[in-house]
Amino acid sequence: MNVIAEIQRINELELEKGLTHTSGSWHTKYKDSAWVYAGNLPNNLTEGDVICILSQYGEIEDIHLVRDSDSGKSKGFAFVKYEDSRSCVLAVDNLTGSQVLERTLRVDHVEKYRLPKHVQEKEEERLKGGGGGDNDEGVGASSNLAEAGHAYKDQELASSFNIQSGQDLFAAPVDERKEPEQFSEEDETGGNKEERKRRKELRAQKRKEKEVHRRRKEERKRGKHDRRKSSHDRR
């Protein structure tokens with residue numbers, strides 16, 4: 001049985017036994033973690049897209065959409081942190097098994113989230129160099145603590161979404177696609193000219209085929225009329 005079906009089965013069992021929102025719920029084990037795992041995401045979704053989906057169940061503080069280090073393309077899964085750990089319960093219960101662009105989402109708890117390797121290295125260097133300063137939380141805390149948006153600090157995102165300012169759901173849509181390519185005069189006299197010529201020949205061929213079809217239809221109609229007239233004369 002896969003993880004999605006198992007989560008749905010456990011949730012249904014809890015509802016039947018009345019364990020929802022009690023200490024006997026399986027969610028209780030993860031009450032101290034505000035992180036969830038979102039898997040089987042369509043690869044064309046950006047950080048902003050994932051946040052729009054998961055923010056239905058709470059304020060999101062951080063996201064780490066895992067990407068290929070060479071191509072920068074999404075690997076189809078992400079780690080998301082909510083402001084309130086109770087939002088994780090809602091997201092897991094409601095989004096697991098839901099369909100997004102014909103993909104079945106898997107949303108599950110993350111008991112102990114670890115920062116990406118490159119972020120851990122930066123944090124360790126900062127702490128070694130005394131970057132924590134007089135901040136007691138920075139010096140005494142684990143290197144796994146970081147500010148919201150740590151995974152993409154000083155990096156360019158695939159979209160214009162800014163986790164610090166949020167996203168205006170009521171703003172007019174903005175087309176971020178690239179401007180269409182402009183054809184030069186050489187293209188106009190070269191490739192475009194050949195294309196126009198080819199289209200013109202196709203239109204001429206279609207007109208010719210229609211004319212042939214029309215003539216054949218008239219000939220059949222005329223022949224049918226002549227046969228009827230001949231039969232009438234014989235009578």
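**Close-up 1. Pairing of His 64 with Phe 79 across strands E2 and E3.** In this predicted model, His 64 has Phe 79 of strand E3 as its bridge partner. Strand E2, comprising residues 60–67, is joined to E3 by six bridges, and the two strands run antiparallel. E2 and E3 together form a hairpin in which six residues lie between the strands. Within the turn of this hairpin, Gly 72 has a positive phi of about 80°.

**Close-up 2. The salt bridge between Arg 86 and Asp 84.** The side chains of Arg 86 and Asp 84 meet in a salt bridge, with an N to O distance of 2.7 Å. In general, side chains of opposite charge can pair when their charged atoms come close. The two partners are assigned to separate accessibility classes: Arg 86 is exposed, with a relative accessible area of 63%, whereas Asp 84, at 27% relative accessibility, counts as partly exposed. Arg 86 falls in the exposed class because its value of 63% is over 50%.

**Close-up 3. The salt bridge between Glu 211 and Arg 214 in helix H7.** Glu 211 forms a salt bridge with Arg 214, and the closest N and O atoms of the pair are 2.4 Å apart. Both residues belong to helix H7, which covers residues 191–234, and they are placed three residues apart, about one turn of the helix. Glu 211 counts as partly exposed at 28% relative accessibility, and Arg 214 likewise counts as partly exposed, at 38%.

Close-up 4. Because Glu 218 and Arg 214 are four residues apart in helix H7, about one helical turn separates them. Glu 218 is partly exposed, with a relative accessibility of 36%. Through salt bridges that share partners, Glu 211, Arg 214, Arg 215 and Glu 218 are joined into one network. For the model, the count of salt bridges comes to nine when a side-chain nitrogen of Lys or Arg is required to lie within 4 Å of a carboxyl oxygen of Asp or Glu.

Methods: Residues numbered from 1 in each chain as written. Predicted model: local features only at pLDDT ≥ 70, side-chain atom pairs only at ≥ 80, totals over all residues. Heavy atoms only, no water. Buried < 20%, exposed > 50% of the residue type's maximum accessible area, 1.4 Å probe, protein only. Pairing = 2+ DSSP bridges.
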